[in-house]
Amino acid sequence: MTRRTRIAGIGHYVPPGVVTNHDLEQLMDTSDAWIQERSGIRERRHAVPGVTCTDLAVEAARAAMTDAGWKPADVQFVIFATLSPDLYFPGNGVLLQHKLGLGEVGALDVRNQCTGFVYGLSAADGYIRMGTFDRILLVGAELHSPGLQFNTGGRDTAVLFGDGAGAVCLEVTDGADRSCVMGHRLHSNGEYAEILCIKKPGAANRPWIAKEMIDEGSVNPYMNGREVFRHAITKFPEVILEVLGDHGLKPQDVALIVPHQANERITEAVRKRLELPNERVYSNIGRYGNTTAASIPIALSEAVQEGLVKRGDLVCLASFGSGFTWAATLLRY
Ligand SMILES: CC(C)(COP(=O)(O)OP(=O)(O)OC[C@H]1O[C@@H](n2cnc3c(N)ncnc32)[C@H](O)[C@@H]1OP(=O)(O)O)[C@@H](O)C(=O)NCCC(=O)NCCS
């Protein structure tokens, strides 16, 4: 049997707390018009204090497991992608393993920010194809709200990011039913690591954490938005065309492109470059903002719920973000 990977179930969860652009206007010098015009975001979700990233992940994972008809004992391995883990270490994978009562299965953490879900999917696909595991739970989840600065000094990132989680249950298939992951393209260029990052604390510093880091603001997210934008609009289409080209396909052959929801203007640029109509490139950033590792599984989950993706449809997932890293997966849903 040729071992391939299929998505057996998918689910997502966003916390109930809606934060509109008008809410943010009360906290910082910004405007609904500025945010919508530059990013397409109207609102995002913020979890209440006490709720952690793994709490969001538990809900998304349970939804995906219900969709797949899996019980906890069916999960053989966990992959968790996030940049907002509950603890500095250990990673969220083991915390999710425990919260879901999965038994002593392995857990792997992926630190690839916006491309974390696609990188995680490629790793899961490799394990399944090799025969290491038959069933893997892959989660992308973020709790951005505690790390953002809700004042004018932090407005460049505070308006863009939101909380949420998405998950898929991945299982082995012989490919006969047409639903399977077909291939991936993965890239990075660490030359640009400091264009979108949190610089401190970190073991590059002695001491690794100090009050001055808070005072100087280097513990807050830093982003050179223009540089991110410039690279994103080139690399997104490039990596999509690469993975489609591997299979002799053109953008028009795919039922839906599900890009990482970074910014509506980036998504629009991708649509134009690929010469696709609006309905072939999914967007829900207006409602959730940028949820980093969670954005692709949330978007794919909603696209499936909305009937935009059916079993057997070709779907391309693509992402670009901090690192820089960029990546794409082609699959038949
Ligand atoms: C962030 C982004 C929306 C900013 O748009 P931009 O057109 O590049 O705007 P600039 O950064 O040049 O800022 C323009 C002005 O708006 C101001 N500004 C920044 N954030 C603001 C906010 N939330 N509200 C109001 N004004 C804001 C800036 O201070 C600047 O003011 P100045 O001209 O007086 O200096 C845009 O660069 C972008 O989309 N980048 C990609 C970001 C991204 O997707 N990141 C995630 C990748 S995974």
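**Close-up views of a predicted model**

**View 1. In the ligand site, an N or O atom in the side chain of T30 lies 2.6 Å from a nitrogen atom of the ligand.** Please keep in mind that this is a predicted model. The backbone takes part in the next pair: a polar backbone atom of G225 is 2.8 Å from a ligand nitrogen atom. At R226 the side chain is involved, with an N or O atom placed 2.8 Å from an oxygen atom of the ligand. Which residues come nearest to the ligand? Out of the 21 residues around the ligand, these are T30, R38, G225, R226 and N263.

**View 2. Helix 8 and helix 9 are shown where they pack, with axes that come within 9 Å.** Helix 8 covers residues 225-246 and helix 9 covers residues 264-274. Their axes cross at roughly 45°, and the two helices are therefore oblique to each other. The crossing of helix 8 past helix 9 is right-handed. From helix 8, the contact is made by F229, A232, I233, F236, P237, I240 and L241; helix 9 brings R265, I266, A269, V270, R273 and L274 to meet them. What classes of residue make up this contact? There are 11 nonpolar and two charged residues, and no polar ones.

**View 3. Here helix 3 (residues 53-68) packs with helix 4 (residues 92-99).** Their axes are 10 Å apart and the angle is about 55°. On the helix 3 side you will find C53, T54, D55, A57, V58 and R62, and they meet N92, L95, L96 and K99 of helix 4. Sorted by class, this contact of helix 3 with helix 4 holds five nonpolar, two polar and three charged residues.

View 4. As background, most peptide bonds are trans. P201 sits in the loop between strand 9 (196-197) and helix 7 (211-216). Where is F324 placed? Look in the loop between strand 12 (314-321) and strand 13 (325-332).

**View 5. E275 has a positive phi, although this residue is not a glycine.** The value is about 55°. For context, most residues other than glycine have a negative phi. To find E275, follow the loop between helix 9 and helix 10 (285-288).

How values were computed: Residues are numbered from 1 along each chain as its sequence is written. This is a predicted model: local features need pLDDT of at least 70, side-chain atom pairs count only at pLDDT 80 or more; totals for chains, interfaces and linings use all residues. Side-chain values use heavy atoms; hydrogens and water are left out. Axes are lines fitted to C-alpha atoms, for helices over the stretch in contact, and angles run from 0 to 180 degrees between N-to-C directions. Helices (H or I, at least four residues) and strands (E, at least two) are DSSP runs, numbered from the N terminus. Contact means heavy atoms within 4.5 Å. Ala, Val, Leu, Ile, Met, Phe, Trp, Tyr, Cys and Pro count as nonpolar, Asp, Glu, Lys and Arg as charged, and the others, Gly among them, as polar. A residue is near a molecule or strand if one of its heavy atoms lies within 4 Å of it. A polar contact is a pair of N or O atoms within 3.5 Å; within protein, one must be able to donate a hydrogen and the other to accept it, and residues adjacent in sequence count only if both atoms are side-chain atoms. Angles under 35 degrees count as roughly parallel, over 145 as roughly antiparallel, 65 to 115 as roughly perpendicular and the rest as oblique. A crossing is left-handed if the near helix is turned anticlockwise from the far one by less than a right angle, and right-handed if clockwise.
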